[in-house]
Amino acid sequence: MDDNADQQHLTAAPGYAQGQLAKAFTTALTHQDADTRRRAEGRVKRWRAVLAGMSGGLLTIGSRTPVAGFPAWVTPEVVHGGFATGTPGAGGPLQPYETRLAEQFGVPADRRALFAHCLTDTGLTWLWGQLNSGRYEVTVPEEGALLTMAWLVRHGETAAALDLVAELAPFAGRLRFLPRPSTGRPAPDAGEALHRRSVSATVATLARRRPNAAVETQREALAVWQPFGDELLTHWLETAGGEGGEGGRVLELTPDADWLARGAALLDRYRLLAEEHTRCGKHRRPKENLAILRGALEEMVAGRPLDPRRLGLLRHAVTSMVRRRGLPGSARHTGLRRAQRTQAALPSHHALAHLVVGRLAPLPQESGIADLTPVLAPVSEWEQQDTGLPAGAELPAALRRVVERALSAPVSTLVERGVVPSAEVLAALVPQLVAVTTARGYDDEALRALMAANYRAFRNRRSLLLLNLERQVRIEELPWVRAVSARRGDTTAEAVLLLRQLGELAVRGFPGTILPNPLVRELGVLARQSELGAPLVEELAADIFMDAFGPKFLVAAGIAGELLGGSVYERYYGIDYAAVRELAIAEAGGPAGRPERARAGAVAARTSPGFMRLCAERAASASSAPAGSSSASRGSGVAANGKVIEQSQILTTHNLATLVHRVGIAPEPGWAELARRAFATVCRLTARVHHDARPYSTIKDAAYAWRQSVFHLSLCTPAEQRGVLADLGAEAARQPAHVAARLAPALAGLRLVVEGGAFDPDGTADGGRARRLLGWTTDGHWLAADPTAVETKGS
């Protein structure tokens, strides 16, 4: 959350950390893969540091200043769950580049000595050179601090530079404040083009590919052992004659000397093949046909007569081989072997991956690929001469996907092509765009590049586990960013444009998916810069919910009421948005949604007790229990918290109303199409519930998608709503029977509301045949039960 709470200060218990330590310890001891064990050993070390810090009073988990002695702006090392280890991200042993710089500067290999040197004329000159060239990297924000100081000095802002040095100096011996020199080209302005992976990262991924053991074993069987088996079969068929067996022939074991000599040659070649081709061991298994033919031939060549049992096995093997594939040389047998030879001749993924590595080698390694066509092209004739791969061979889909992640294109293109497959992946890319937009406010080119690099590094900072409604550190709290804040101009127009573009892209590209918190944070940065009065709210964690909401939740609910008052959404979820607006007026001292009133309310009250009370009351009255179940709560505190949080998401529409009503998004497909797409997500998730022993997480996600479908439907005209309802019913009918049956009550409830009806107070209607679909429950969920199974049992 983004606001502090006037309540008792709570801290995290060590149980979670102990469980993670035990899990990592087990992996480090027992996992078969050496790299996995090594990574687990690193996790063991970090979790031990967490527990030691908690027990020794050096760590306060749940605070925005978790490490004793460090201010909030210091980047902490954070492990899974938001636990700080006590080690600062810019701390630890000297990095190799620091050691090299100490040697270059002629100072002791010590961070304080490096810091002091950068305050001298020689050190400032070096820093100015880095600023001019842009050949540096900022991997944690602290690495941009001294560059900012040098920029201030160069522009005559000595007092600001001295103030910054004074704030950094107490930590000069423990944190690295110098940038990393880079031999590569300066990081380009991302502009509109983004990429998920750089060329160098793609090369590394492809270079790690190894031959697939199963595929290579199959290739050996097709290319070596099946043709050899055909030769053995042909050799034995030379002894066939008389009546019986395939084609009326049986084996007559009276071979001549020539047959035995050729048989001995076959056996000699077998031994050579077995020494050279060791992947496939099927030919060694005594019950396999090839082994039976070879074993019988060895007996005959050795001059030993076949006993009746071995003779029976031999005749059965020959007969079955001919019956299954036809006689060697027949049309059926020849066609089969031709197809198998073609399959065996296909180049391996491993060989094609190394071909692509060669194609990528001449490209700039730290950027993406603007044109994938030559990289993904079939094997050319000159490449065939160089590698031996067949000309015209296509790259398999698995390799194409790896390369496509390096595509450099506008983010909308990446979403459309599936390179960005989820809102979570989109959230990882958006900081590149926000960094550029944020930095454009600085009129100096060197400062603009530095602040963009600083922003990208800041967004790599992992979120802390926070309690007591504390908020994550914002970039403007970093002392070096604060020191140049006066140099930042107005970027309101750029922020509004990017916010609208990203909002539309997220809603259009991933219908039925809740906006992930990292994306909400990036959109929140743009919303603050845009000054639209567009509060964006995060998804809260049910396991650490503090029974309180920040005031922006109530403001967001007021904005939703402005958009959705009297709508299908309001009536479907049983909301009184007029009462919500009155509550917002009472708490904020003015009409809800006005930016100046919202800010005043945030100052006057750190929480919104009225909004918390409203969500709790709605959660208490909501039920997702199956018909006939007990209404007594059997759920955990986490589930009870989840019900309250879900009601906050319903009231605020979890940012959808804010994006539409304040930001002005208007996704291109239109609201009707988005309602259909969100419902398709509902169907896909509901299908996963079938036979799932733990379906409630999936049901929660299905309810989120359903809520988005209802929201989009509410923005349609009445005629469009009727058409969409018909389409949703038709889509449900195309699903498996258990999906259609599960969703029937939800569709009936939505149809009821669209036609002007209403739910009973318990969220049902028509004797339970129409139900309001919610996600969280403490009483069991009606969507988990398979209605088709109930009907079958009853019949």
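Which residue takes a positive phi in the hairpin of E1 and E2? I'll get to that in point 4, after some notes on the chain as a whole.

1. Keep in mind that this is a predicted model. Confidence across the protein chain averages a pLDDT of 86, with 91% of residues reaching 70 or more.

2. On the overall build, the protein chain holds 35 helices and ten strands. Its C-alpha trace spans about 110 × 85 × 50 Å along the principal axes. Of the 795 residues, 49% count as buried. If you take contacts between residues at least 6 apart in sequence, 74% of them join residues at least 24 apart.

3. Now the surface and the charges. The accessible surface of the chain is about 36300 Å², and carbon and sulfur atoms account for 53% of that. There are 92 positive side chains and 82 negative ones, with the centres of the two sets 4 Å apart.

4. Back to the hairpin. Strand E1 (residues 76-79) and strand E2 (residues 83-88) run antiparallel and are joined by three bridges. Val 79 sits opposite Phe 83 of E2. Three residues lie between the strands, and Gly 81 is the one with the positive phi, near 90°.

Note on methods. Residues are numbered from 1 along each chain as its sequence is written. This is a predicted model: local features need pLDDT of at least 70, side-chain atom pairs count only at pLDDT 80 or more; totals for chains, interfaces and linings use all residues. Side-chain values use heavy atoms; hydrogens and water are left out. Two strands pair if DSSP finds at least two bridges between them. Helices (H or I, at least four residues) and strands (E, at least two) are DSSP runs, numbered from the N terminus. pLDDT is the predictor's confidence in each residue, from 0 to 100. Buried means under 20% relative accessible area, exposed over 50%, partly exposed in between (1.4 Å probe, protein chains only). Contact means heavy atoms within 4.5 Å. Accessible areas come from the Shrake-Rupley method with a 1.4 Å probe; for residues, only the protein chains shown count as cover. Lys and Arg count as positive and Asp and Glu as negative; His and the chain ends are not counted. The place of a charge is taken as NZ of Lys, CZ of Arg, CG of Asp or CD of Glu.
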